[in-house]
Amino acid sequence: MIDFNKLAEAMGDLDEDVMVETLEQVMAEGGADAQKAMEACQKGMDTVGSLFEEGEYFVGDLIYAGELMTKAVEILKDALITDGGEDTVKARMILCTVKDDLHDIGKNIVRSMLEAAGFEVLDLGIDVAPEKIVETAKAEGINIIGLSGVLTLAIDSMKDTIDAFKEAGMRDDVKIVIGGAPVNAEVCEQTGADAWASSPQTTIDYCKSWAKTA
Ligand code: B12
């Protein structure tokens, strides 16, 4: 029986041994609980964030937490990613972390899942300026865009990016999904995005529906 609270605690405590052992147990049992394990790790990341805010953890701890999360995804990957079966799509899309934000763990998880669902993901990386996203969409003829960001100020960069599409006269040609810790329905409306998602699966569902009508 896997103790997901213990897993979340291990991630919060940056206890690599317990984390790896628990995740390996999830995989040894067939990986059916991989999604639950992922959620527990994310809960642990929230603890890391809170301890950082309280001054108990430092930037070095955030870096280490990031490495642990990457390791967790590496262990769970095969169980998290489904091959998409008959529903697999073939479409190209852009994904990146918006300007001034360097966080990319969530983006990379979303990319892996989108690729597994059949998308060809043009990953522009982190701290990507609105102009670069617009120019790439234009040059490559891409009309599905995913914007990631976890800093509060990423919300402004998302809005700036969407405004840049408007200014380029391309807003009606693209569908934009935003995601990351501070993103919710209100932020979606505020930025003018077409959709928002907190889980990779919801992201895939939106992108698939857009790929079909593109
Ligand atoms: C790891 C981490 C770092 C690492 C990042 C390593 C990396 N390669 O990404 C490092 C050390 C570099 C870092 C730096 C900083 N960080 Co930091 N970091 C974190 C931490 C602990 C975890 C973030 C994370 O990876 N979460 C796990 C992933 C899986 O979750 P996620 O990104 O939300 O992604 C999921 C969903 O949101 C969604 N999703 C993600 N992207 C997308 C995209 C689309 C299109 C869709 C649809 C869905 C989607 O799917 C994912 C999977 O489910 C958070 C705390 C927290 N609880 O988030 C702080 C946090 C984000 N950091 C914070 C801060 C303050 C900083 C620094 C300013 C610290 C400093 N003083 O230097 C710098 C900022 C640098 C910059 N300009 O970006 C604050 C932000 C505060 C704020 N409100 O703006 C937080 C919240 C910590 C805190 N509580 O204070 N950080």
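The model is predicted, so local features need pLDDT of at least 70 and side-chain atom pairs count only at pLDDT 80 or more, whereas totals for chains, interfaces and linings use all residues. Residues are numbered from 1 along each chain as its sequence is written, and side-chain values use heavy atoms, with hydrogens and water left out.

A polar side-chain atom of D104 is found 2.7 Å from a nitrogen atom of the ligand, and a polar backbone atom of I105 lies 3.4 Å from a ligand oxygen atom. Which residue is the protein donor of the cobalt atom? The only one is H103, through NE2 at 2.3 Å. Donors are N, O and S atoms within 2.8 Å of the metal (3.2 Å for Na, K and Ca); water is not among the atoms, so sites may look incomplete. H103 itself belongs to the loop that runs between β1 (91-97) and α5 (105-116). Helices (H or I, at least four residues) and strands (E, at least two) are DSSP runs, numbered from the N terminus.

How many residues surround the ligand? There are 37, and the closest are E53, L102, H103, D104 and T152; a residue counts as near if one of its heavy atoms lies within 4 Å of the molecule. At least two residues of this shell come from each of α3 (34-53), α4 (59-80), α5, β3 (144-148), β4 (175-179) and α9. Helix α3 gives the largest share, with seven residues. The space taken by the ligand is also the largest pocket. On a 1 Å grid over the protein atoms alone, a pocket is an open set of points with protein on both sides within 12 Å along at least five of seven lines, while a cavity is a set where a 1.4 Å probe fits but cannot get out; lining residues have an atom within 4 Å of a point. A molecule sits in either one if more than half of its atoms lie within 2 Å of its grid points.

Aromatic pairing comes next. A search of the whole structure finds one aromatic pair. Y206 and W210 form this pair, which is stacked, at 5.8 Å centre to centre and with 25° between the planes. Rings of Phe, Tyr and Trp (its six-membered ring) pair if their centres lie within 6.5 Å; planes under 30 degrees apart count as stacked, over 60 as edge-to-face and the rest as tilted. Both partners are in helix α9 (residues 200-213), four residues apart, about one turn of the helix. Y206 is partly exposed at 32% relative accessible area, whereas W210 is buried at 11%. Buried means under 20% relative accessible area, exposed over 50%, and partly exposed in between (1.4 Å probe, protein chains only).

L14, a residue other than glycine, has phi near 60°; L14 lies in the loop between α1 (4-12) and α2 (16-28) and is buried, with a relative accessibility of 12%. D127 is not a glycine either, yet its phi is positive at about 55°. D127 is placed in the loop between β2 (119-123) and α6 (130-140) and is partly exposed at 37%.

Some individual positions complete the picture. D3 lies in the segment before α1, and its side chain reaches the backbone nitrogen of K6 at 3.1 Å. The C-alpha atoms of D3 and A40 are 9.6 Å apart, although 37 residues separate them along the chain. G141, in the loop between α6 and β3, is exposed at 62%, and its C-alpha atom is 9.0 Å from that of R92, 49 residues away along the chain. M38, in helix α3, is buried at 4% relative accessibility; from C-alpha to C-alpha, M38 and C207 are 22 Å apart in space and 169 residues apart in sequence.

Terms used:
Polar contact = N/O pair within 3.5 Å; in protein donor to acceptor, adjacent residues only side chain to side chain.
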